[in-house]
There are 2 protein chains.
Amino acid sequence: MKRVAGKKPDQDNGESGVRLGRLDEFIGFRLRRIQNQLSRDFAAATAERNLRSGLFSSLAIVAANPGISQNELSRAVGLDKSITVQIVDDLEGRDLARRERSPTDRRRHALFATESGQAYLDELFDTLAKTEDAVLHQLTKAELALLRELLDRMYEAYDEQGITL
Amino acid sequence: MKRVAGKKPDQDNGESGVRLGRLDEFIGFRLRRIQNQLSRDFAAATAERNLRSGLFSSLAIVAANPGISQNELSRAVGLDKSITVQIVDDLEGRDLARRERSPTDRRRHALFATESGQAYLDELFDTLAKTEDAVLHQLTKAELALLRELLDRMYEAYDEQGITL
DNA sequence: AATGATGGTTGACAGAATCAACGATTGAGT
DNA sequence: ACTCAATCGTTGATTCTGTCAACCATCATT
């Protein structure tokens, strides 16, 4: 039941025989279908950990930016501050990160990844890398680099906005 | 998987100064950030139409596959059958599509796009094209074609699954 | 000291996805 | 023909996530 890589007889989806119509013309459609699959794979690979959505990227940002405030984190991951509160609660409950009151501005919570948070993050990054490899092995190193560059150029159109993970 | 220092002096996000850390290594991250922006832009451009999520792609699939069943549609767009019921209700309520009982199998609902559904779809495709152009104008035609091809090659790793719009 | 802005928190609410269950219908096996 | 399992569409319960407004504590400006 393998579909041959190459020219398709028509713009359909090999197995199901469903035609895509004009949808097939759009880059956003291609981006989404791959990205959906990647996140499903990642979710499946980390299912037993009960990761609430946004926790992984939030922890990653905290680890990369020790002392970041919840507000800054919210903007960085593109989530509402109220959601960030829940996520940080979760992170603290799992001892993956901790809040410290900022000495200079006592309104702010400075966030830090704990040691186990760092270790946990490394594991998650490893599974993510494995997940991506399943798709990326289709490309050569040079093609991968090129893809990265093209995507970055596209994203530069959005220079001014937040990151929106 | 070695991380190669990119062109940027540091892996941060220009405006906000937030570092991405290892997140920056992953393709899925780049895909998602662009795709998120694209869908936000599209949502903003179609805000007044009150499009529920999944409606657009469902209508597109129905139009490209006259007589498709709700079950097939569900698998095609990667949504649960119960959600598809609601979407088709919505489509019918707006007179964009209609259900017909299949004469050969009276359990099935054969779905068809109405004329106004087709017209509506054309409009939506136009706005989507405009939305994408805002990002895609960063690339030459050749680069765009290359991007398309790379993405397709990546997706072929998922030959057997549904489309998951 | 008064005022307004900011950071974090809470709760009310809406949107969407998951899941189990159901009636109607079909198809396969006997 | 009859039984039984499977399929299609539908409904409802439940959960998860994100949006929003309100609130308190704190800071900055005057």
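Axes are lines fitted to C-alpha atoms, for helices over the stretch in contact, and angles between them run from 0 to 180 degrees between N-to-C directions. Helices (H or I, at least four residues) and strands (E, at least two) are DSSP runs, numbered from the N terminus. In this predicted model, local features need pLDDT of at least 70 and side-chain atom pairs count only at pLDDT 80 or more, while totals for chains, interfaces and linings use all residues. Residues are numbered from 1 along each chain as its sequence is written, and chains are lettered from A and ligands numbered from 1 in the order in which they are written.

**Confidence in chain A**

The predictor's confidence in each residue is given as pLDDT, from 0 to 100. Chain A has a mean pLDDT of 86, with 85% of its residues at 70 or more. Within chain A, strand β1 (residues 12-13) has the lowest confidence, at a mean of 53, whereas strand β4 (residues 109-113) has the highest, at 98. Over residues 1-10 of chain A, pLDDT stays under 50, and the model has five contacts beyond four places in sequence for that stretch; here two residues are in contact if their C-beta atoms, placed from the backbone, lie within 7 Å.

A residue is near a strand if its C-beta atom, placed from the backbone, lies within 6 Å of it. DNA strand D is surrounded by 20 residues, of which the closest are Ser82(A), Arg106(A), Gln70(B), Asn71(B) and Ser82(B). Two or more residues each come from α4 (81-93) of chain A and from α3 (70-77) and α4 (81-93) of chain B, and α4(B) gives the most, with four residues.

Around DNA strand C there are also 20 residues, and Gln70(A), Asn71(A), Ser82(A), Ser82(B) and Arg106(B) come nearest. The elements that give two or more residues to this surface are α3 (70-77) and α4 of chain A together with α4 of chain B, and the largest share, four residues, comes from α4(A).

For the classes below, Ala, Val, Leu, Ile, Met, Phe, Trp, Tyr, Cys and Pro count as nonpolar, Asp, Glu, Lys and Arg as charged, and the others, Gly among them, as polar.

| α3(B) with α4(B) | three residues | four residues | one residue |

**Helix packing**

The axes of α3(B) and α4(B) come within 9 Å and cross at roughly 110°, so the two helices are roughly perpendicular to each other, a term for angles of 65 to 115 degrees, while those under 35 count as roughly parallel, those over 145 as roughly antiparallel and the rest as oblique. In this contact, Gln70(B), Asn71(B), Leu73(B) and Ser74(B) of α3(B) meet Lys81(B), Thr84(B), Val85(B) and Val88(B) of α4(B).

Helix α2 (residues 55-64) of chain B packs with α3(B) at an angle of about 125°, their axes being 10 Å apart, and α2(B) is therefore oblique to α3(B). Ser57(B), Ser58(B), Ile61(B) and Val62(B) of α2(B) make this contact with Leu73(B), Ala76(B) and Val77(B) of α3(B).

Between the chains, helix α6 (residues 141-155) of chain A and helix α1 (residues 27-45) of chain B pack at about 30°, with their axes 10 Å apart, so α6(A) is roughly parallel to α1(B).
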